[in-house]
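Colleague: Could we go through this model together before I use it? I should like to begin with confidence and then turn to the details.

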Amino acid sequence: MDTTTIVLILAALVAASIIIIVAIQMRERSKIERARRTASQEDQYKRANRLLNEIPGQYLTPDLKLLLIKRMEEACNELLALKSALPVNEWLGAAQQLRKQVLENNDSRSPVKIDSPEKSNYVKELLQSLFKMIEGLHKAGKIDNATAKKNLKYVLFLVHKTHADLHVFQARDYVRQNQIRKAIHAYHLASTEMGKSRDNPLAMKAVKSFRTRIKELEAMSTDDQKAAEGHEGQSKLDRDWDTFLHDDEWKKKADYDD
């Protein structure tokens, strides 16, 4: 065997080795990328599902529910394309059933009282996560400008309402303890929070209600009879605030896209 043949054989072996190594590396990279995409889509599905189930029921409009369900369905379809071993068909079926319920107005979720700083902060974190998700969908071109603007504005309003909920809860507690000045201060804080959404008619309605309640408290004396009257006067505001986002009527009037 001459030198040229030996060199060609060695060259062929080297080339074959390089091809095999490159193929193995590409296969590994493909597996890693597939695992990364699978993990990402699983995270997107679980995040949307968590927001849908943990954001207080009175906060979620049909538009927000459908937006979150759409994100869940998209993640499921991506996972199916990636041939994930996760129970994706079950997830997708549940999401589609939930979409049907929302469209038929049969999806009811229990309201949640914001009665502690911890709960207020937790709900705020959920809303911030929802805000970022909507921003991401807009940047990815999955929702248009008008839809993004409308929902982002509404989520900001909900953040302000979350803080106001806590202040109202504290104000009620102060009134029960006959600590009227503290109650007035708490209502002022609630009014300030809702005033941050001046372009929302519902928020302005709340501000007006808080101001009325503050005037009632300021007119109170410290004797038991007046305090009792204060409790009675508070009851209507309490009922109105507790059902603030429950009724359909405000949805017809409060155009948070203006």
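**Confidence and contacts**

Modeller: This is a predicted model. Among the elements of the chain, helix α9 (residues 249–253) has the lowest mean pLDDT, 42, while α3 has the highest, 95.

Colleague: What is the pLDDT over residues 247–258, and how many contacts does the stretch have beyond near neighbours in sequence?

Modeller: The pLDDT is below 50 over residues 247–258, and the model gives this stretch 22 contacts beyond near neighbours in sequence. Where pLDDT is low, the predicted coordinates should not be read in detail.

Colleague: And what is the mean pLDDT of the chain?

Modeller: The mean for the chain is 84, with 85% of its residues at 70 or more.

Colleague: Let us move to helix α2. Which of its residues are buried?

Modeller: The buried residues of α2 are Leu-64, Lys-65, Leu-66, Leu-67, Leu-68, Ile-69, Arg-71, Met-72, Glu-73, Ala-75, Cys-76 and Leu-79. The cover over the buried residues of α2 includes α1, α3, α4 and α5 (145–176).

Colleague: What span should the 20 residues of α2 have, and how far apart are its end C-alpha atoms?

Modeller: At 1.5 Å a residue, the 20 residues should span 28 Å, and the end C-alpha atoms are 28 Å apart, which agrees. Just after α2, Lys-83 takes a positive phi of about 55°.

Colleague: Arg-71 is on that list of buried residues. Why does Arg-71 count as buried?

Modeller: Arg-71 counts as buried because its relative accessibility is 7%, and the cut-off for buried is under 20%.

Colleague: What is Arg-71 in contact with, leaving aside its neighbours within four places in sequence?

Modeller: With those neighbours left aside, Arg-71 contacts Gln-41, Gln-44, Ala-48, Met-133, Leu-137 and Lys-142.

Colleague: Next, salt bridges. What is the count?

Modeller: The count comes to 15 salt bridges. One of α2's buried residues, Lys-65, forms a salt bridge with Asp-107 (2.9 Å, N to O). That pair links distant parts of the chain: Lys-65 lies in helix α2 (residues 62–81) and Asp-107 in the loop between α3 (88–103) and α4 (117–139), 42 residues apart.

Colleague: Are Lys-65 and Asp-107 buried or exposed?

Modeller: Both Lys-65 and Asp-107 are buried.

Colleague: Which residue of α2 pairs with Arg-99?

Modeller: Glu-73 forms a salt bridge with Arg-99, and their closest N and O atoms are 3.0 Å apart. This pair also links distant parts of the chain, with Arg-99 in helix α3 and Glu-73 in helix α2, 26 residues apart.

Colleague: How do Arg-99 and Glu-73 stand in terms of accessibility, buried or partly exposed?

Modeller: Arg-99 is partly exposed, with a relative accessible area of 24%. Glu-73, at 12% relative accessibility, counts as buried.

Colleague: What about Arg-213 and Glu-216?

Modeller: The side chains of Arg-213 and Glu-216 meet in a salt bridge of 2.9 Å, N to O. The two residues are about one helical turn apart because they are three residues apart in helix α7 (residues 201–218). An α-helix has 3.6 residues a turn, so residues three or four places apart point the same way.

Colleague: Changing topic to the backbone: what is the phi of Asn-105, and what is the phi of Asn-178?

Modeller: Asn-105 is not a glycine, yet its phi is positive, about 60°. This residue is found in the loop between α3 and α4, and Asn-105 counts as exposed at 62% relative accessibility. Asn-178, another residue other than glycine, has a positive phi near 60°. Asn-178 is placed in the loop between α5 and α6 (180–195) and is partly exposed, with a relative accessible area of 31%.

Colleague: Lastly, which residues make the nonpolar surface patch?

Modeller: Ile-6, Ile-9, Leu-10 and Leu-13 make a nonpolar surface patch of about 350 Å². Leu-10 is found in helix α1 (residues 3–54) and is partly exposed, with a relative accessible area of 48%.

Terms used:
Residues are numbered from 1 along each chain as its sequence is written. This is a predicted model: local features need pLDDT of at least 70, side-chain atom pairs count only at pLDDT 80 or more; totals for chains, interfaces and linings use all residues. Side-chain values use heavy atoms; hydrogens and water are left out. Patches are made of residues with over 30% relative accessible area and no salt bridge: like charges are joined within 9 Å, nonpolar side chains (Val, Leu, Ile, Met, Phe, Trp, Tyr) within 5 Å. Accessible areas come from the Shrake-Rupley method with a 1.4 Å probe; for residues, only the protein chains shown count as cover. A salt bridge is a side-chain nitrogen of Lys or Arg within 4 Å of a carboxyl oxygen of Asp or Glu. Helices (H or I, at least four residues) and strands (E, at least two) are DSSP runs, numbered from the N terminus. Buried means under 20% relative accessible area, exposed over 50%, partly exposed in between (1.4 Å probe, protein chains only). Contact means heavy atoms within 4.5 Å. The expected span of a helix is 1.5 Å times one less than its number of residues. pLDDT is the predictor's confidence in each residue, from 0 to 100.
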